[in-house]
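Please look at the following model before reading on. The report below goes from the confidence of the prediction to the overall size of the chain, and then to the packing of its helices.

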Amino acid sequence: MKNLVLLLLLGYPAVAQTRVDPARVDRLLQRAAVIDLHDDTTQMILDEAYNLGEKHDYGQVDIPRMRSGHVSGVFLSIWTDSDRYTPVEAIRRTLEQIDAVRREIARHPGDLEMAATSAEILAARKRGHIAILMGVEGGIAIDSDLAVLRSYAELGVRYLTLTHTNHTPWADSSSLAGTHNGLTGFGREVVREMNRLGMMVDISHVSDKTFLDALEASAAPVIASHSSCRALASAPRNMTDDMLRAIAKKGGVVHINYYEGFLDDGFAGRETALKAEQAEQNAIDGRTPNFGDRSQNGPAVRKINAQRIAKLGHLPLSRLLDHFEHAVKVAGVDHVGLGSDFDGADDLFPEGMEDISKTPNLVRGLMERGFSDEDILKILGGNTLRVMREVEQVSLRLKAENR
Ligand SMILES: [Zn+2]
């Protein structure tokens, strides 16, 4: 009774905390294929000699924490800063990151396995390995050249985010006023070539018009690799309800982003108001040479992140669950997945979802909200496997027609 009073005083929803049997969470995780569509750990591997095999007290992703999180597969993001690199330089930076991922996989053969298809993820899981996949974040990296796109596909890249925060010469980003009115003719060619290659078309980061054009141009379902719901948080790269419905209609999947600034406008406003931290971060960015490594900056950036967290605190896990619940309500349970943005969002993740080991908390939270085991399995990775299979089938069909 004393405990109950304490819980009520602390403002906990007393009913929700005790309802789920921990054995049910365990049983579900044994069955699940947990797949995260967006982790930005790659630059740490390349620039800071970050070893996935060690458990770290910083960052969000390593093998020990993936194991605790029952993770079957992650897409490591191959991202190039388009403010810092020209498109030609971005090709080199992309190849260096692909190489870093492949070397890191080779370094941990007992735990990691390169995968490029839905079947390969499941095969890796069967062998007790974690499947590592790659997605290129930002169309700048192809330098408007389909030959470069094809080469990335050949090296194992399985999605391309059409833009990052800058426009490409062929697609508008959500971060700036539009210049192309969506996708150009060449942008549509990029989408069609991705369909043929079996690369997923990723519309996270693109403008609303680019989104519509990509949906229209694509012969296969499209994905948002890491985007949350705009009805709950107004970031322009979140999905409106109309966009959620349109992705669902096309058979695609929206993978929910956990970054607190995309979950809650109040949080985003308080973060933007932290001017000292932003100034420090800008000073570090200004010192970083074009082709240098970030190893000198890693600890400094982490210090700024810690300062931010000390001032902002964290959102509760329930705020993230709100986004999952909303996306399921609008798009349907077959069209929602995981797109954490771990290692890509300044350590700003909700309480209880601090890193990739926390999958059990997400599962418990969804159970507390009344989701069935089958529905949770879909969200954790079943939907991603399905959309990958469909993209693979479209690719086979298009390749056969081309012959
Ligand atoms: Zn991103």
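The mean pLDDT of the chain is 93, and 94% of its residues reach 70 or more, where pLDDT is the predictor's confidence in each residue, from 0 to 100. This is a predicted model, in which local features need a pLDDT of at least 70 and side-chain atom pairs count only at pLDDT 80 or more, while totals for chains, interfaces and linings use all residues. Residues are numbered from 1 along each chain as its sequence is written. The pLDDT is below 50 over residues 4–9, a stretch that has 4 contacts in the model beyond near neighbours in sequence, and below 50 also over residues 11–16, where 6 such contacts are found; residues are in contact if their C-beta atoms, placed from the backbone, lie within 7 Å. Where pLDDT is low, the predicted coordinates should not be read in detail.

The chain holds 17 helices and 9 strands, which are DSSP runs numbered from the N terminus (helices are H or I with at least four residues, strands E with at least two). Its radius of gyration is 20 Å, close to the 22 Å that the globule rule gives for 403 residues, so the chain is as compact as a globular protein of that length; the radius is taken over C-alpha atoms, and the rule is 2.2 Å times the number of residues to the power 0.38.

Two packed helices are described by the angle between their axes and the distance between the axes. Here axes are lines fitted to C-alpha atoms, for helices over the stretch in contact, and angles run from 0 to 180 degrees between N-to-C directions.

| Helix pair | Angle | Axis distance |
|---|---|---|
| Helix 13 (residues 275–287) and helix 14 (residues 298–312) | about 170° | 10 Å |
| Helix 9 (residues 185–197) and helix 17 (residues 373–402) | about 100° | 6 Å |

Helix 13 is therefore roughly antiparallel to helix 14, and helix 9 is roughly perpendicular to helix 17, given that angles under 35 degrees count as roughly parallel, over 145 as roughly antiparallel, 65 to 115 as roughly perpendicular and the rest as oblique. Glu277, Glu280, Gln281 and Ile284 in helix 13 meet residues of helix 14 that include Ala300 and Ile304. By class, this contact of helix 13 with helix 14 has 4 nonpolar, 2 polar and 3 charged residues, where Ala, Val, Leu, Ile, Met, Phe, Trp, Tyr, Cys and Pro count as nonpolar, Asp, Glu, Lys and Arg as charged, and the others, Gly among them, as polar.

Terms used:
Contact = placed C-beta atoms within 7 Å.
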